[in-house]
Amino acid sequence: MEWSSVVSTVTGAVIGVGATWLADRSRWRREQGVLRTSVTRELYAAYLAAVARTWNEIHAVTINSTEPWPERARQAENAYRDGGMYELRYQISITAPPDIVALSDNVLRGMRDLVQSLVAGRTYETWDELKDGNRAWFDDFDAMWGKMRLDLNPTSLPLPPSSP
């Protein structure tokens, strides 16, 4: 019996199985990366939409409403509570990188602080007054939005600041 043919056959089989395993592993990792990016994109979009929806409702009851102030503050509090930001924020805390988690906390806290100030009696008469009084919130929101974008695509260009 020739050992060279047995060794050649075994070597060929090992190389073939190894190459197939490496190709399958590579494909699996690529698919996992695409899936992770897709899930993260959906989560970021949902959080940004919840923040925008909540902010727009608070803005509307704060500036555009004709209701008396205690009622406006109650409506702002309801908008914040029902906006869905908390639930999505918890998902971000287990999915996103630490810098995005920290910024999402700042955005959530900034909006909570605004609502608490409205409930405590703070009033805003104009959009400019509301915007200036919450400049730090807008800055955190812009930073979070930009970092989310870079997390999804590190080669993406930075966004210009949003105009509140």
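Student: Why is Glu129 counted as partly exposed?

Tutor: The relative accessibility of Glu129 is 29%. Buried means under 20% relative accessible area, exposed means over 50%, and partly exposed lies in between (1.4 Å probe, protein chains only). Glu129 therefore counts as partly exposed at 29%. This is a predicted model, in which local features need pLDDT of at least 70 and side-chain atom pairs count only at pLDDT 80 or more, while totals for chains, interfaces and linings use all residues. Residues are numbered from 1 along each chain as its sequence is written, and side-chain values use heavy atoms, with hydrogens and water left out.

Student: What makes the pair of Glu129 and Arg122 a salt bridge?

Tutor: A salt bridge requires a side-chain nitrogen of Lys or Arg within 4 Å of a carboxyl oxygen of Asp or Glu. The closest N and O atoms of Glu129 and Arg122 are 3.4 Å apart, and the pair forms a salt bridge. Arg122 is partly exposed, with a relative accessible area of 34%. In general, side chains of opposite charge can pair when their charged atoms come close.

Student: How many salt bridges does this rule give?

Tutor: The count comes to seven. Among them is the pair of Asp113 and Arg112, with an N to O distance of 3.8 Å. Asp113 has a relative accessible area of 42% and is therefore partly exposed; Arg112, at 28%, also counts as partly exposed.

Student: How do you know that Lys147 and Asp99 form a salt bridge?

Tutor: The closest N and O atoms of Lys147 and Asp99 are 3.6 Å apart, and the pair forms a salt bridge. The two residues belong to distant parts of the chain, 48 residues apart: Lys147 is in helix H6 (residues 135–152) and Asp99 in helix H4 (residues 98–119). Helices (H or I, at least four residues) are DSSP runs, numbered from the N terminus, as are strands (E, at least two). Lys147 is partly exposed at 35% relative accessibility, and Asp99 is partly exposed at 36%.

Student: Why does Asn134 count as buried?

Tutor: Asn134 has a relative accessibility of 7%, and so it counts as buried. Asn134 lies in the loop between helix H5 (127–133) and H6. Contact means heavy atoms within 4.5 Å. Leaving aside neighbours within four places in sequence, Asn134 is in contact with Trp55, Leu114 and Tyr124.

Student: Why are H1 and H4 called roughly parallel?

Tutor: Axes are lines fitted to C-alpha atoms, for helices over the stretch in contact, and angles run from 0 to 180 degrees between N-to-C directions. Angles under 35 degrees count as roughly parallel, over 145 as roughly antiparallel, 65 to 115 as roughly perpendicular and the rest as oblique. The axes of H1 and H4 cross at roughly 15° and come within 12 Å. H1 and H4 are therefore roughly parallel. The residues in contact include Tyr44 and Trp55 of H1 and Ser104 and Leu118 of H4. By class, this contact has twelve nonpolar, three polar and no charged residues. Here Ala, Val, Leu, Ile, Met, Phe, Trp, Tyr, Cys and Pro count as nonpolar, Asp, Glu, Lys and Arg as charged, and the others, Gly among them, as polar.

Student: What angle do the axes of H1 and H3 make?

Tutor: The axes of H1 (residues 3–64) and H3 (residues 85–95) cross at roughly 150° and come within 10 Å. H1 is therefore roughly antiparallel to H3. The contact has eight nonpolar, four polar and two charged residues.
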